[in-house]
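Look over the sequence and the model first, then read the points below.

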Amino acid sequence: MSLVFPRPNTNAIHGKKDKRLMAEVNASPLKHFVTAKKKINGIFEQLGAYIKESSSFLEDTYKNDELDPVTTEEQVQEVRGYLAKVAGIGEVLARRHMKVVFFGRTSNGKSSVINAMLCDKVLPSGIGHTTNCFLRVEGTDGNDAFLLTEGSEERKSIKTVNQLAHALHQDEDLDAGSLVCVMWPKAKCALLRDDLVLVDSPGIDVTTELDSWIDKFCLDADVFVLVANSESTLMQTEKSFFHKVNERLSSPNIFILNNRWDASASEPEYMEEVRRQHMDRCSSFLVEELGVVDRAQANDRIFFVSAKEVLQARVQKAQGMPEAGGALAEGFQARMFEFQNFERRFEECISQSAVKTKFEQHTVRAKQISEALRLIMDSVHIAAQEQRLHCREISEDRQDRMEFIDKQLDLLTMDCKAKIKKITEEVERQVSNAMAEEIRRLSVLVEDFHMDFHPSQVVLKVYKNELHRHIEEGLGRNMSERCSSAITSALQATQTDMIEGLKLLLPNPVREQVDKLVPRQCFSLSYDLACDKLCSDFQEDISFHFSLGWTMLVNRFLGPKNTRRALMGYNDQVPRPLALTPVSSSMPPFPQGSMTQEELMVSMVTGLASLTSRTSMGVLVVGGVIWKAVGWRLIALSVGLYGLLYVYERLTWTTKAKERSFKRQFVDYASEKLQLVVSYTGSNCSHQVQQELAGAFAQLCQQVDITRQNLEDEITDMNSKIELLDSLQSKAKLLRNKAGWLDSELNMFTQQYLHQGR
């Protein structure tokens, strides 16, 4: 009886591969387990690689200090735990195989049934041979058979069944609960090539340790085969054992083989009756007592065979002899067909059952893991997306803020320049006016200077230095009193306006500390007049000069400069060159220059002085004229008064008079010199104010530049984060899609292998 599995609806990419796998399944039901095992192992390998990739991705993401957390430590630990679990499941799946355990009373032919199924005499059987321990028969890729006992890695070589029987009976440490693995070459037995393990057991009537047997050998069994003796009915010992199995396992797959059915050939008239009785008893046991199958399924679980005949026929066929040759009882072909039917049903049952029992739980677990990972990657994707949007908003906000700062800074710069220009012009005007007023009051300041005066050069030098210092300090103090208060107030008001204007461009924490960052020191103007250098060429004249003397009279009328010109006879005018253009004779001569009244008087006095100095005759003539005009008495009186006045002035020409004359000359000289630096001093003070305001504005602009640079750095950081989050988001999306793909693979496996029989 052949089993055809329905073809699942798969993608085109898996079409050829699935067709090949289904062809193998159709060839042998056991291939169903082999292909399922290969498929699930491949899925778990992919799942393990996926979890490893996901774990590395989550760990790198969690440890990335540049990003806000998009994953948690719990998620990292969870995925790391999945990696260990999947690795463990993969190791278990690699060792998974189909397992069938044969039970029955002693000498019921359990070993013969196994040998018949293996088509070779693998286990000792027949008269004189009873199985004294559990024998596990599985395939090996090598060419030599060997034994492995519990607790030992030693391989005991066996070449024949007799050597196996001898080895089993010679080992005194073996008891009914021991396990011996018989590793048989797969090349010698096709059944062992499909991951099938057959377990032979001692008779269940030789021990009472049934519970330990079940715990040790039966919990992972896919199929149980009860080998009964058709010459007797089911015994209570056999029933009790399977009742215990049914209690431990949920709906175990149980087959009942009524062995030695060839004995019925001697009594053909009772064959059907006996068969019916055995069928009823076995069906009742499976359906009513154990409840593992229903009445319709029971007929496919109960068979009547002769294992000895089947083994003999298959050995003969392997040796090239006819199957039916030799001494075989009548009805052999029917019994052979019955055994083949059992094998087909057994293969169908164990293949489907093993796939379900061995792979279903792990498939469900794998789906849970893939779904959990999909949810984790989805949460990482969402968190990265939200953080990316947040970074984008911050970047755009900082960009807008930076553009606003640039525009406002340009406007504030123009406004501050206008204010600075206005206040500097006002400072220059105030300082110039104040200095002009102080120059007019310079005589008062000089009169306030008191120091011992002496006409000697040494004392005069010290006197001048101290006077220069007194003038410097006095002018500076007076001008400060006049201007500093108003200028400082205007300066501070302008600074306050600048700070308040630029505060709006600074972040809140910096606004509160802007007064500390931009210190507004007490500003004071520096009036550097340098009187010592300015008046360094001052030459005093403190010699006696009679007020009615000729020099003093000329000086009084012409002034000091013109007096020197008149008395010394020189002209400081630059001579003008004659015109080179010829002048017409018809035109009157053009004067070389206009002569002022002052220059005319200088010329007259100069001529008079020259005349009187040229000859004394002029004196006599003038004296005679005056004598005749006014008389000698008046002349004598005038000369006496003139002399008295001279004597008086000479006597009163003391040191104090000299000091007063010195101060008067110094005031005249210093006033003239200071007038020359009024404009310079005003410009210097306005420059100081400009420097102070420009420095304060530069400090504020520096804070704005720092704020702007911080915004640029923040924008750069946000853009870097956005790029990193884009990469992270793409990776999380890819891993999420991989989890979905693995889930679809698991669903396909479930439909193809686990739900096939439903």
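Does Arg345 count as buried or exposed? Arg345 counts as buried, at 16% relative accessibility (buried means under 20% relative accessible area, exposed over 50%, and partly exposed in between, with a 1.4 Å probe and protein chains only).

The model is predicted: local features need pLDDT of at least 70, side-chain atom pairs count only at pLDDT 80 or more, and totals for chains, interfaces and linings use all residues. Residues are numbered from 1 along each chain as its sequence is written, and side-chain values use heavy atoms, with hydrogens and water left out.

**Salt bridges overall**
- Side chains of opposite charge can pair when their charged atoms come close.
- The whole structure holds 39 salt bridges (a side-chain nitrogen of Lys or Arg within 4 Å of a carboxyl oxygen of Asp or Glu).
- One network of salt bridges links Glu53, Lys731 and Lys738.

**A pair between two helices**
- Arg314 and Glu343 form a salt bridge, with their closest N and O atoms 2.6 Å apart.
- Arg314 is in helix 10 (residues 307–318) and Glu343 in helix 11 (residues 332–440), so this pair ties together parts 29 residues apart in sequence (helices are DSSP runs of H or I, at least four residues, numbered from the N terminus).
- Arg314 is buried at 11%, and Glu343 is buried at 12%.

- Arg345 and Glu348 meet in a salt bridge at 3.8 Å, N to O.
- Both lie in helix 11, three residues apart, about one turn of the helix.
- Glu348 is buried, with a relative accessible area of 9%.
- Glu500 forms a salt bridge with Lys503, and the two are three residues apart in helix 13 (residues 457–503).
- Glu500 is partly exposed at 45%, whereas Lys503 is buried at 19%.
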